[in-house]
Structure formats: structure tokens, C-alpha cells
Amino acid sequence: MEQRSHSQTRGQDLFQPLFRCLDTLLRSGEVVMAIDGGSASGKTTLAEALRARYDGTVFHMDDFFLRPEQRTPERFAQPGGNVDRERFLEEVLVPLRKKRPIRYRRFDCATFTMAPAMEVVPKRLTIIEGAYSMHPELAEYYDFSVFLAISPELQKKRIALRNSGQEAERFYTRWIPLEQVYFSRLNVEARCDLSIPIHE
């Protein structure tokens, strides 16, 4: 019999309330859900676990960061303005609501270019993962939402482990402050259906 590590068992226990909610919702039909939360809180890892568990479809908000011409001081001054929510709405959420195949373009942050359009046929569970996914202009399109709440100390530790010094510093001084403004001004955690505290 396969042995599970303590961390795997603890992770499964942590997400049991989420699994129970999704099990109930999926009995009634298709579900579109959002996973929001701070950098390094485990959003992508959870999305992949849900995709495997429920045979779902995953979309990443990282694929919808602003294009160069959109990166203006006025845009960054908006809470949640750090993502192209207009394009995400047009290319993903509206077709999803209309039950049409989705054709969307990934923005490549390394090259600052748009990838060719790719077509996705959503499955029974569609998972939208990433900070800014619960922006008020997008939230009405979800059946369920979860917030991963990570402490600043654990967040900093995880970022330092997965990024070089310069890249980590960019998170601390640039991206995390933008996330915090979005979370606080738009009351993101409180608007989510479920909040899960993330521990080591």
C-alpha cells in the first residue's frame, strides 16, 4: 500500500472543505470556479490538483498580464489593474458562459509577445487560477470561489526559494504591493465563498 507523507496528508485535510463543496456543486452540473490569493500561496498547485481530481480545465491569469501598451501609470493605479481583465472576459469568460469553445491568446511575460490563439473545449469543471481572478468585473461569472491566505513570512520564504535574488526583490517591491492594494480595496478575501489559510 502506498504511503503518503505527512505534508500530503495535511494538504488533503486542508482542502477537504473545498472538495466537499465542489462535489456538491458538480452533482448539479458544470462549475466555473476561481482561485485567488497572494503570490506563492499555491494557487497553481491547487488548480492542477483539482484538474487531476475532477478532470477539469485550467486557465491561468498569468497568461493575461498587461501588454506593453497597456502598462501606464493610470492603469497600475487601479486596484487590480495589473491584469488584462477586459481581454480575459472577452476571450474566456463570455464564451464560457455561452457554452462556446474558447479561443484565447497567452501573453508571454518573458518575450512581451502574444502567442498564437489556442482553442479549448471546457470540461465539467473550469478552474480560473491567479491573483486578480476575483476582480468585481469578473466575479459574477463564477459559481464558486476560494481564497488562499498566506502569511507574509511564509510568502517571503517561498518566493526566496523559487526565485533569484533580483527576481525575488521584484516581487517584494513591485508585485506583492499591487496584490495587497487589490485585496484590501476590493475586499477580495471576504467576497470569496471559501478562505483557506496556507501553512508550511
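Which residue in β7 does His-60 stand opposite?

Analyst: Happy to! His-60 stands opposite Glu-129 in β7. First, a word on the model: it is predicted, so local features need pLDDT of at least 70 and side-chain atom pairs 80 or more, while totals for chains, interfaces and linings use all residues. Residues are numbered from 1 along each chain as its sequence is written, and side-chain values use heavy atoms, without hydrogens or water.

Now to the strands around that residue pair. β2 and β7 (residues 125-129) run parallel and are joined over four bridges (strands pair if DSSP finds at least two bridges; a strand is a DSSP run of E, at least two residues, and a helix one of H or I, at least four, numbered from the N terminus).

Stepping back, β2 and β7 belong to an open sheet of five strands with parallel pairing, ordered β2-β7-β1-β8-β9. At its edges lie β2 (57-60) and β9, each pairing on one side only. From one strand to the next, the twist averages 20 degrees.

Helices pack on this sheet too. Helix α2 (residues 16-26) touches β1 (31-37), β7, β8 and β9 (contact means heavy atoms within 4.5 Å). The direction of α2 makes about 160 degrees with that of β1 (axes are fitted to C-alpha atoms, for helices over the stretch in contact; angles run from 0 to 180 degrees between N-to-C directions).

Helix α3 (residues 43-54) packs on the sheet as well, touching β1, β2, β7 and β8. For α3, the partner in the angle is β7, and their directions make about 175 degrees. That brings us back to β7, the strand where Glu-129 stands opposite His-60.
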